[in-house]
Amino acid sequence: MSSTSSDSSPAGAAGSKGTYRVKRGLAEMMKGGVIMDVVTPEQAKIAEDSGACAVMALERVPADIRRDGGVARMSDPEMIEGIKAAVTIPVMAKARIGHFVEAQILEALGVDYIDESEVLTPADETHHIDKFAFTVPFVCGATNLGEALRRISEGACMIRSKGEAGTGNIVEAVRHLRNIIGDIRKITQADSAELFQWAKQLQAPLPLVQEIAETGWLPVPLFCAGGIATPADAALAMQLGAEAVFVGSGIFKSDDPMPRAKAIVEATTHFRDPHILAKVSRGLGAPMTGIGMDEINQRYAERGW
Amino acid sequence: MLEQLGAVTRQVRTPADLAGVDALVMPGGESTTMSRLLDTAGLFEPLATRLTAGMPVFGTCAGMILLADEVLDGRPDQRSFGMIDLSVRRNGYGRQVDSFEADVAVAGLDDTFHVVFIRAPKVERTGDTVEVLASHEGVPVLARQAQVLVASFHPELTSDRRVHAMFLDMVHTSAATAA
C-alpha cells in the first residue's frame, strides 16, 4: 500500500483526533460497500439489515427533491438523531455546498461523515467549505478529475462521482467515472514536463497531479453515486473502477426496498461474478421508474466549482 | 503490505476462494455487514471449520469483533467465530469524531508502533489464555491466542510492516509445526 504522509504523530501516545489519516481511514473501511440514502429510522434499520456499510440521513431522497423543487437544505437535527439512534453503522448527512455552518451543526451532532452535496441547493456559488477546519471527515462529488482534485485540496477525504441524483439513470455516473479514471490513466503515462500542463488544464494543484502520476490513483477513495437503481448498475460502477457505491432514490423508490437493498449489497461484493449477479438480480419487483437526461430541467451535477 | 513481505495474497469472497489459502486476514469494515455477507456467501461454516482446525488468522478492527468470544453492543443476529477468549465492545471508542491515532509499545518490537483507530472496538475482558501484546491507556489493542492474532487498530493504514511481519512469522511457524 502507499502512504503519502509520515507515520509519526506529534501528539504521541496521548492520541490525536481528526487527522487526515483518521478521516481517510473511515473511507477506506467502506470500500466494497453500499451507502444508502434513508429518510426515517425504519428505513435506516432496513438498510442496516440489508448489509449497508453506512447510511445517509436526509429528509427527502433526491427523486423527491427533484419532484418538489424549492430550496433543499440540511436535514432537521431531530431526524438525524433519530437515525443515529436506530443503527450502529456510520451515519452520514448532507450540508449545502459552501454552507460551513450547516457543517458545524452536523459535526456537533456527531455524524460520522458530511457530504457537501450538490443535491442540496448551493449556499455559495464560488467557494466550497474549508474542510480542513473540521474534525469530521467530508465526502464531495466530482464530474471530472480537476473537480475531484480541487475538493481534495480543500480537505475532502472521499470523492464520489456525481452522476445525476434522483434519476435512476446510470448514464451520468458512467460518464463521470470514465472522465475521472480515464484522466488518471493518462496522467500515469505523462512525463514530468507534461504534468505542469495537466495541472493547468485540470485547474488542480500540481503536487496532487504529481502524486497521481506516481501512485496511479487518487490520494483518497473514489466511490460512485447518482443513478444506481439495480444490482447490475452497482456492479457496473465497481467494474469501471469505483471502490464503493452510494444508492439514493434507487432503493426506497423501488417497489420492494429490502430485497433490492440486499441484492445491491451482494452485487457490490461479488461485482465480477456474473453468476452471482444473475442470481441476485432475479425477482426484485420493479425498480424506480427513472428519467432520461433530456427530460430533466435541472442538472445537479453542474453545481460545484 | 503482506506481498511486500513476500507473501502471496488473494481475496476470499466465496467458499471456493478459501481452498488453497494457508492463512487469513479478516480486515476492517462494518462487522454487521461482514457477518451478513459471510452468511449469504455461504462462507461462515467453511470458515469456522478451517479456523477450528487451526488456520492462522489475523483480525483487525471489525475482524477482531468477528473472532471474539463475546461481542457487546453488536446486533442480536450478528455472528462471531469465538476463536479468541475476549470480550469486545463495538464502537467502544466512540464515533468517527472520536477516532484517533497514537503510539503504543508492542511486545517484541524495539520502537513504538504508530496505530490508527477508526470507530474502533474496545477490549473489555481478556481470558487467561490470551497474550496481550500491546495496550493503549491500559486497554489491550493487540492480542494473541494460539493461531489467532487480533488488533483493534488498523496496521494497514500506516506504512510500518512490523505487525504484519509478526503475523507472517506465526503463519510460518504454524506451517513448520504441521509439516
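Contact here means heavy atoms within 4.5 Å. This is a predicted model, in which local features need pLDDT of at least 70 and side-chain atom pairs count only at pLDDT 80 or more, while totals for chains, interfaces and linings use all residues. Residues are numbered from 1 along each chain as its sequence is written, chains are lettered from A and ligands numbered from 1 in the order in which they are written, and side-chain values use heavy atoms, with hydrogens and water left out.

**Stop 1: chain A as a whole**

Select chain A. Among its contacts between residues at least 6 apart in sequence, 66% join residues at least 24 apart. Colour by secondary structure to find 13 helices and 9 strands; helices (H or I, at least four residues) and strands (E, at least two) are DSSP runs, numbered from the N terminus. Along the principal axes, the C-alpha atoms of chain A fill a box of roughly 55 × 40 × 40 Å. The radius of gyration of chain A is 19 Å, which agrees with the value near 19 Å for a compact globule of 305 residues. That radius is taken over C-alpha atoms, and the globule rule is 2.2 Å times the number of residues to the power 0.38. Of the 305 residues, 61% count as buried, where buried means under 20% relative accessible area, exposed over 50% and partly exposed in between (1.4 Å probe, protein chains only).

**Stop 2: α6 and α9 of chain A**

Two packed helices are described by the angle between their axes and the distance between the axes. Select residues 145–153 (α6) and 206–215 (α9) of chain A: these helices pack at an angle of about 115°, with their axes 10 Å apart. That makes α6(A) roughly perpendicular to α9(A). Axes are lines fitted to C-alpha atoms, for helices over the stretch in contact, and angles run from 0 to 180 degrees between N-to-C directions. Angles under 35 degrees count as roughly parallel, over 145 as roughly antiparallel, 65 to 115 as roughly perpendicular and the rest as oblique.

The crossing of α6(A) past α9(A) is right-handed. A crossing is left-handed if the near helix is turned anticlockwise from the far one by less than a right angle, and right-handed if clockwise. Now show side chains. From α6(A), A:Leu145, A:Leu149, A:Ile152 and A:Ser153 meet A:Leu208, A:Val209 and A:Ile212 of α9(A). By class, this contact has 6 nonpolar, 1 polar and no charged residues. Ala, Val, Leu, Ile, Met, Phe, Trp, Tyr, Cys and Pro count as nonpolar, Asp, Glu, Lys and Arg as charged, and the others, Gly among them, as polar.

**Stop 3: α7 and α8 of chain A**

Move to residues 171–189 (α7) and 192–202 (α8) of chain A, whose axes come within 10 Å and cross at roughly 155°. That makes α7(A) roughly antiparallel to α8(A), and their crossing is left-handed. A:Asp183, A:Lys186, A:Ile187 and A:Gln189 in α7(A) meet A:Glu194, A:Leu195, A:Trp198 and A:Leu202 in α8(A). The classes here are 4 nonpolar, 1 polar and 3 charged residues.

**Stop 4: chain B and B:Pro27**

Switch to chain B, which has 5 helices and 10 strands. Its C-alpha trace spans about 40 × 40 × 30 Å along the principal axes, and 55% of its 179 residues count as buried.

Centre on B:Pro27, in the loop between β1 (24–26) and α2 (31–40) of chain B. At 43% relative accessibility, B:Pro27 counts as partly exposed. Neighbours within four places in sequence aside, B:Pro27 is in contact with B:Met34, B:Thr60, B:Ala62 and B:Gly63. Finally, select B:Met64: its C-alpha atom is separated by 8.3 Å from that of B:Pro27, 37 residues apart along the chain.
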